[in-house]
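Trainee: I would like to learn how to read this model feature by feature. Please give me the general idea each time, then the case at hand.

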Amino acid sequence: MTGPVPIRAPNPCFRQAYYRKLSGEITEADYFHAIFKHLVKDGVHHKADACIQNELEDVDPLGFSLNCWITYEHEDSKPEHSKPYEDVFAAYRDGDMDKIQAALNKLGEDHAQHMRKSLALLSLQERNAAILKRLLNDGIEMEDPFEDEVRRVQPKLDPKTHQLLRDYAAKTLQRPWAARKRPRHGHPLDWGK
């Protein structure tokens with residue numbers, strides 16, 4: 001005889017949402033809905049959201065990036081609805097940068113900047129060089145998950161993305177350590193060797 005089947009939480013935490021998406025239990029749109037329910041004022045708030053960051057960083061860098069922003073977002077700047085944030089990722093799926101920009105324009109500048117970082121990470125993970133180029137040109141702050149994903153870009157497998165990152169680094173990044181630091185595994189942002 002088996003015991004009672006546990007009831008699935010209707011509002012999953014970041015980690016649960018990732019694993020449900022990975023298993024096909026929920027769609028990508030459902031994943032972003034679950035994630036952004038943590039951002040809104042009357043949304044989902046789990047006590048352990050800040051505690052799972054180490055695990056998220058390894059298994060879901062995009063979720064980690066969003067978690068770092070959402071968990072520490074000041075209560076006064078939390079929005080009423082999650083739909084405008086979900087719309088940004090829906091526009092990304094359409095592959096139309098004009099739609100993405102229109103969706104970002106509906107957000108406050110601070111929130112739009114966070115969303116650009118997350119979109120840049122997602123486009124880098126998916127090797128979507130066209131959208132990544134536009135986001136890099138708009139200017140983003142590079143976080144650890146982005147830099148970690150950059151290290152996974154291989155010139156033979158992802159030549160467009162690799163070249164885009166090298167060109168971007170040569171043109172815009174000022175890293176004095178790059179001239180003297182030995183590149184690690186052919187990192188495209190380590191140039192001039």
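Mentor: Start with burial. Buried means under 20% relative accessible area, exposed means over 50%, and partly exposed is in between, with a 1.4 Å probe and protein chains only. By that scale Lys-117 is buried, with a relative accessible area of 8%. Note that this is a predicted model: local features need pLDDT of at least 70, side-chain atom pairs count only at pLDDT 80 or more, and totals for chains, interfaces and linings use all residues. Residues are numbered from 1 along each chain as its sequence is written, and side-chain values use heavy atoms, without hydrogens and water.

Trainee: What percentage of the 193 residues in the chain do buried residues make up?

Mentor: Buried residues make up 44% of them.

Trainee: How many helices and strands does the chain have?

Mentor: Helices (H or I, at least four residues) and strands (E, at least two) are DSSP runs, numbered from the N terminus. This chain has 10 helices and 0 strands. Along the sequence the pattern reads α-α-α-α-α-α-α-α-α-α.

Trainee: How do I read a salt bridge, and which residue does Lys-117 meet in one?

Mentor: A salt bridge is a side-chain nitrogen of Lys or Arg within 4 Å of a carboxyl oxygen of Asp or Glu. The rule gives 11 salt bridges here. Lys-117 pairs with Glu-143 at 3.4 Å, N to O. The pair links distant parts of the chain, 26 residues apart: Lys-117 sits in helix H7 (residues 109-125), and Glu-143 in the loop between helix H8 (129-138) and helix H9 (144-150). Glu-143 is partly exposed, at 22% relative accessibility.

Trainee: What about Arg-116: buried or exposed?

Mentor: Arg-116 is buried, at 8% relative accessible area. Its side chain forms a salt bridge with Glu-109 (3.5 Å, N to O). Glu-109 counts as exposed, at 56% relative accessibility.

Trainee: Which residue does Asp-94 meet in a salt bridge?

Mentor: Asp-94 meets Lys-99, again through side chains, at 3.5 Å from N to O. Asp-94 is exposed, with 52% relative accessible area. Lys-99 is partly exposed, at 44%.

Trainee: Which residues are linked in a network of salt bridges?

Mentor: Arg-127, Glu-149, Arg-152 and Asp-158 are. Look at the backbone of Arg-127 too. Its phi is positive, about 55°, although Arg-127 is not a glycine. Arg-127 is placed in the loop between H7 and H8.

Trainee: How do H7 and H8 cross?

Mentor: Axes are lines fitted to C-alpha atoms, for helices over the stretch in contact, and angles run from 0 to 180 degrees between N-to-C directions. The axes of H7 and H8 come within 9 Å and cross at roughly 150°. For handedness, a crossing is left-handed if the near helix is turned anticlockwise from the far one by less than a right angle, and right-handed if clockwise. The crossing of H7 and H8 is left-handed.

Trainee: Which residues in H7 meet which residues in H8?

Mentor: Contact means heavy atoms within 4.5 Å. From H7 come Arg-116, Leu-119, Ala-120, Ser-123 and Leu-124; they meet Ile-131, Leu-132, Leu-135 and Asp-138 of H8. The residues of this contact divide into 6 nonpolar, 1 polar and 2 charged. In this scheme Ala, Val, Leu, Ile, Met, Phe, Trp, Tyr, Cys and Pro count as nonpolar, Asp, Glu, Lys and Arg as charged, and the others, Gly among them, as polar.

Trainee: How many residues has the largest nonpolar core?

Mentor: A nonpolar core is a set of buried Ala, Val, Leu, Ile, Met, Phe, Trp, Tyr and Cys residues joined through side-chain atoms within 4.5 Å. The largest has 46 residues, and Phe-36, Met-115, Leu-136 and Phe-146 have the most contacts inside it. H7 gives the most to this core, with 7 residues. Setting aside neighbours within four places in sequence, Met-115 is in contact with Phe-36, Trp-69, Tyr-85, Val-88, Phe-89, Leu-104 and Leu-107.

Trainee: Where does Ala-129 lie?

Mentor: Ala-129 lies in helix H8. It is buried, at 16% relative accessible area. Beyond neighbours within four places in sequence, Ala-129 is in contact with Lys-160, Thr-161 and Leu-164.
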